[in-house]
Amino acid sequence: MNNTCSRMYTSTLKPNIQATIFHICCIFEIFSCFFATQVVHCVPKKAKKGKSAMKEKTENTNVKGKKYIKATNATRDSFVNAFFMLAHKEKIYQISIHEITDIAGYNRATFYRYFADIYGLIEYAEDEFLRDMRKAIEEISGESQVGERQFFKIMIQCFRKNKYRVSVLLSEENRSHFLRRINENIAKNLNRPDLNTPQKKTIRDIYFFGIFYAISINLQSRNALSDEDLLDIIQNLFDKWYRSEMGFDE
């Protein structure tokens with residue numbers, strides 16, 4: 001489902017009704033993503049090997065100095081930037097390596113020095129976003145009390161900062177996989193083994209999938225809710241459902 005549904009109904013409605021319908025539209029997507037992630041994301045084995053080999057090679061060549069590393073990063077970024085340029089025009093898994101190398105100005109052999117295939121490039125881009133997200137979480141984790149509203153305000157800022165890439169990574173073809181990775185990273189940062197029972201894990205999945213999908217769609221909508229209105233919805237969901245279901249009041 002794309003954001004046509006939310007655009008269709010929210011263009012002329014009052015803010016409270018707009019938020020309600022926006023919320024309902026997101027619910028359908030929550031379950032779509034949730035059940036889709038029960039199927040393992042298929043990344044070819046060669047992509048895993050390629051990624052490991054690339055990491056080992058980079059570590060070995062680091063001794064050549066910062067100048068080499070800077071040049072290496074610039075080359076890798078040229079491939080990533082070319083991919084996202086194409087991804088805003090066509091479906092991501094229909095993009096060919098030839099198209100990427102043609103725009104980046106390098107040959108296929110150079111591409112394979114950095115990525116085993118398109119899957120490897122996409123995962124690298126996801127990793128960059130997740131690093132930004134973890135850094136943002138770590139910056140507030142030292143505070144004595146971090147409320148739900150403050151936490152998601154930071155997440156909205158993180159999505160907004162990476163809007164150009166996030167809109168591609170959360171496209172229909174890659175959405176369930178990327179949301180799963182975001183959710184897993186959030187769970188790791190929570191560091192709460194007591195929240196990892198099958199029931200609570202399912203509740204957490206539905207909660208975070210819905211919120212992150214809503215944030216991403218809202219950033220792309222022509223009739224977007226304000227950040228404060230969106231945070232009100234999130235806070236309401238937390239207070240009236242998530243808190244009690246996760247046993248935070250016990």
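Reader: Which residues do ring pairs link into a cluster?

Author: The cluster joined by ring pairs consists of Phe 129, Phe 151, Phe 152, Phe 159, Phe 178, Tyr 207, Phe 208, Phe 212, Phe 238, Trp 241 and Tyr 242. The model is predicted, so local features need pLDDT of at least 70 and side-chain atom pairs count only at pLDDT 80 or more, whereas totals for chains, interfaces and linings use all residues. Residues are numbered from 1 along each chain as its sequence is written, and side-chain values use heavy atoms, with hydrogens and water left out.

Reader: How many helices and strands does the protein chain have?

Author: There are 12 helices and 0 strands in the protein chain. Helices are DSSP runs of H or I with at least four residues, strands are runs of E with at least two, and both are numbered from the N terminus.

Reader: What makes the pair of Phe 79 and Tyr 106 tilted?

Author: Rings of Phe, Tyr and Trp (its six-membered ring) pair if their centres lie within 6.5 Å; planes under 30 degrees apart count as stacked, over 60 as edge-to-face and the rest as tilted. The structure holds 21 such aromatic pairs. For Phe 79 and Tyr 106 the centres are 5.4 Å apart and the planes stand at 55°, so this pair is tilted. It links distant parts of the chain, with Phe 79 in helix α4 (residues 66-87) and Tyr 106 in the loop between α5 (97-104) and α6 (108-114), 27 residues apart.

Reader: Why is the pair of Phe 111 and Phe 115 called tilted?

Author: The ring centres of Phe 111 and Phe 115 are 5.6 Å apart and the planes are at 50°, so the pair is tilted. Both Phe 111 and Phe 115 are buried.

Reader: Which residues touch the most other members of the largest nonpolar core?

Author: A nonpolar core is a set of buried Ala, Val, Leu, Ile, Met, Phe, Trp, Tyr and Cys residues joined through side-chain atoms within 4.5 Å. The largest such core has 56 residues, of which Phe 83, Ile 100, Phe 152 and Phe 212 touch the most other members. Helix α7 (residues 118-141) gives the largest share of this core, 11 residues. In soluble globular proteins, nonpolar side chains tend to be buried together.

Reader: With which residues is Phe 212 in contact, leaving aside neighbours within four places in sequence?

Author: Contact means heavy atoms within 4.5 Å. With those neighbours left aside, Phe 212 is in contact with Phe 152, Met 155, Phe 159, Leu 179, Ile 182 and Ile 186.

Reader: What puts the buried residues of α5 on the same side of the helix?

Author: The buried residues of α5 are Ile 97, Ile 100, Thr 101 and Ala 104. They cover an arc of only 90° around the axis, which places them on the same side of α5; the arc is that of the directions from the helix axis to the C-beta atoms. An α-helix has 3.6 residues a turn, so residues three or four places apart point the same way. The exposed residues His 98 and Asp 102 lie on the face of α5 turned away from its buried side.

Reader: Why is Gly 105 called exposed?

Author: Gly 105 has a relative accessible area of 61%, so Gly 105 is exposed. This residue follows α5 and has a positive phi, near 85°. The C-alpha atoms of Gly 105 and Phe 79 are separated by 8.8 Å, although the two are 26 residues apart along the chain.

Reader: Why does Arg 108 count as partly exposed?

Author: Arg 108 is at 41% relative accessibility, so Arg 108 counts as partly exposed. Arg 108 is found in helix α6. Leaving aside neighbours within four places in sequence, Arg 108 is in contact with Ile 97, His 98 and Thr 101.

Reader: Why does Ser 221 count as buried?

Author: Ser 221 is at 11% relative accessibility, so Ser 221 counts as buried. Ser 221 has its place in the loop between α11 (198-220) and α12 (227-245). The side chain of Ser 221 reaches the backbone nitrogen of Asn 223 at 3.1 Å.

Conventions. Buried < 20%, exposed > 50% of the residue type's maximum accessible area, 1.4 Å probe, protein only. Polar contact = N/O pair within 3.5 Å; in protein donor to acceptor, adjacent residues only side chain to side chain.
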